[in-house]
Amino acid sequence: MSHRSHRRRSLAASALVAVGALGLAACTTPTIATGDAAETAASDAVDWSSVEPASQITWWSNHPGSSKAVEEELIARFEEAHPEIDVELVTAGANYDEVAQRFQAASQTSELPDVVISSDVWWFRYHLNDQILALDDVLEHLDGDTDDFVSAFYADYEYEGQHWAVPYARSTPLFYYNKDKWAAAGLPDRGPETWAELQEWSTSLTAQVPADSKPLGMSTGPSWSAWWFENMIWGHGGQYSDEWTTTLDAPEAVAGGQFLHDLFHGDAAYATVSEDSTADFAAGVVAATIGSTGSLKGILDAASFEVGTAFLPDGPDGGGVPTGGTGLAIPASKTPEEQLAAAMFLQFITSTEQTAYFSQNTGYMPVRTSAIESPEMTAVYEATPQFRTAVDQLSAKARSQDWIRVFVPSADQILTEGIEQIVLRGTDPATAWGSIAPKIETAYRENVEPYL
Amino acid sequence: MTAVLAPPAGAGPTRRPAPPPSPAPGSAARARRRRALAWFALLAGPNVALLVLFVYKPLVESFYLSTMQWNLGSPVARFVGLGNYVEWFTADSTARVLTTTAVFTLTTVGGALVLGLGLALLLDRRLPGRGLARTVAFAPYVLSGYAVGILWLFIFDPRYGLMSAVLRGFGVASPQWYTVEPWPLVMIIVVYLWKHLGYVALIYLAGLQGVPQDLRDAAALDGASPGRTLRSVVLPLLAPTTFFLLVTMMLASLQSFDVIRSMTQGGPLGSTTTLMYQIYTEGFVNGRAGYASAGATILFLLLLAVTAVQLRFLERKVHYA
């Protein structure tokens, strides 16, 4: 073999090996049963009274609200109460989406956790894929007082009469404002009641922020912007969908998009795009932002000024605030022993005392009404009234999210694309919505409709 | 994701045993052949088995999946034939993904070759601290691409980053690296170049040290300037090195993932979504495993074609010493 020819073959073989790795990266090697989606069999009912809990379980979390130490403390408390069960905490991603992607990728393997974070836009996909367990029976067996869950939170995980997760780190978007800048601008110590009012205030607030900034800082991105924008589209009488029917072409939805456009690109625009709006807010670069309630503790710790919290402003047609955050689910493919141990863990860390502890240390809302009214939380609300705002907003303004965002796989990412077109490029809202609506409909047709 | 070039199968001393010089008695010849075959199976078998298991089997399965409409994680899938391919070739996003892929690949490969050669020429000189400089230049290549991306995100931060401070020092406002096109693409190109420059320089350095000094001396005696010597003596002798780097860097660049994943996640608005990143997004974010597999098959064919073209046309111009 000549040197040249040998080298050529070596390079060709190297190329083949390198590109072959793609096949490995592209997918695992699942066993796929072809057929009608509706034919998937429901799991047999388990007699939980005859099951002994497993001695070890694994929990995949992204530690929402920088809560790793808090979660470790919750595990320590559980292991003290149940010394027969060990819990391993695994950092399975930096955010809800990364945990979900890892969970999806592991779905055809035996490397699944016993408890997994299941955010508002992912749990239904898990359910469609028969990946998670309906929790009603096992929680009933454990005498879990599910009636005590904040009803709006627990109902979020209900489909066809069964609950597929329990609420854990639940939140709503919250309006954060810098009280020092508010005072310097001569504004009352409260958040704006309407977006129109914030528009009026923006003139005096502009003088309080750096010249290259704006009074309101907002971030975009998956699992985020399509969440807070619900407040704006609802405030203009629109919505993403009417149940499964996309309604982005309705005049009200376009009006909501136009409001967003003008917020960033109008003649009197007063919002700027932040890579990390809570960091910019805490640094005083912007005077106000919209953040998750789960960011409250972090913002309070980081800010050197007094932080104000308020309801999200209303639009001309009212408003509303979406609930969000994450619940906890149990994979359907685990053994009944592992599922029972996992259910005991879920029940424990969402109990009154533990959800109050989690709330105090993160800003996420307590998921039980008994916790909201508990002496511990009452003391927290008195000492730090900002924690109370989210709870009050929940009862006054909460509204279930539009179906397509939370139930159609990848619709959140598609909606984010439309919102970013408007925010980053200044695209006309009708054009932006028109470009994404067919994608959402395709996602529904491919990934939801066959399974209903 | 960067390409990892495994040792090519079949390269090395595995050679078909020479036939016996003359027809031997049947049983002895058969025994020799069996022994040779057994040795071949013993030596090549594990390598071949690994290749089949981890390369060719997934490749075949990936193609199989590309004919399905399958929601990743779902227990059921639907056969759609070439539907995923039709959709990919007719999608609005395809042209943009291919353009981004081409821009990213050509600028990173071209930039790495030019800058890497320049760095190698510099490091080839007898300068004080040369060993340390070589180590420093190569170090980024061994760092995790994800960690490098995170680090550079801080540097590029338009408000607080080092780059912003430097630009402000020159009286220039920082571009909006994260949000305004085409800066996010420029940002990941710069980072990818920085990470791979040391690798290219190191390979070029090895090539430079293989250039006979007497040829340079002869050129100098003939009155050739350093530039002319580089152009007419050194570069032609570096042609095999350049060709090797061209092939490997192009494969690596087309499969780049970690820097994009850590810095832009393909955004904003898909402006940094290469074909490789699209495969990831469709498969693991959107859950469209069949469509993602179609993309993977297309990328496989693209890489094969690029490599074949390089072998067919460029290698003709390469002179091996």
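**Close-ups of a predicted model**

**View 1. β2(A) and β4(A) side by side.** β2(A) and β4(A) run parallel and are paired through two bridges; two strands count as a pair if DSSP finds at least two bridges between them. Strands here are DSSP runs (E, at least two residues) and helices are too (H or I, at least four), numbered from the N terminus. Look for W59(A), whose bridge partner in β4(A) is V115(A). A word on the source: this is a predicted model, where local features need pLDDT of at least 70, side-chain atom pairs count only at pLDDT 80 or more, and totals for chains, interfaces and linings use all residues. Residues are numbered from 1 along each chain as its sequence is written, while chains are lettered from A and ligands numbered from 1 in the order in which they are written.

**View 2. β2(A) with β3(A).** Six bridges hold this parallel pair. W59(A) turns up again here, standing opposite L89(A) in β3(A). To get from β2(A) to β3(A), the chain goes through helix α2 (residues 68-81) of chain A, in a right-handed β-α-β crossover (with the strands pointing away from the viewer, the path from the first strand over the helix to the second runs clockwise).

**View 3. The whole five-stranded sheet of chain A.** Reading across this open, mixed sheet, you get β3-β2-β4-β16-β7. β3 (86-91) and β7 (166-171) of chain A are the edge strands, each with a single partner, so one side of each has no neighbour in the sheet. On average, neighbouring strands are turned by 25° against each other, direction ignored; axes are lines fitted to C-alpha atoms, for helices over the stretch in contact, and angles run from 0 to 180 degrees between N-to-C directions.

**View 4. β4(A) meets β16(A), with α3 packed on the sheet.** Strands β4 (residues 115-119) and β16 (residues 324-329) of chain A run antiparallel, joined by four bridges. S119(A) has T326(A) as its bridge partner in β16(A). Helix α3 (residues 96-105) of chain A packs on the sheet, touching β2 (56-61), β4 and β16 of chain A, and its direction makes about 125° with that of β4(A). Contact means C-beta atoms, placed from the backbone, within 7 Å.

**View 5. Helix α13 of chain A on the sheet.** Helix α13 (residues 336-349) of chain A lies across β2, β3, β4, β7 and β16 of chain A. Relative to β2(A), helix α13 runs at about 55°.

How values were computed
Contact = placed C-beta atoms within 7 Å.
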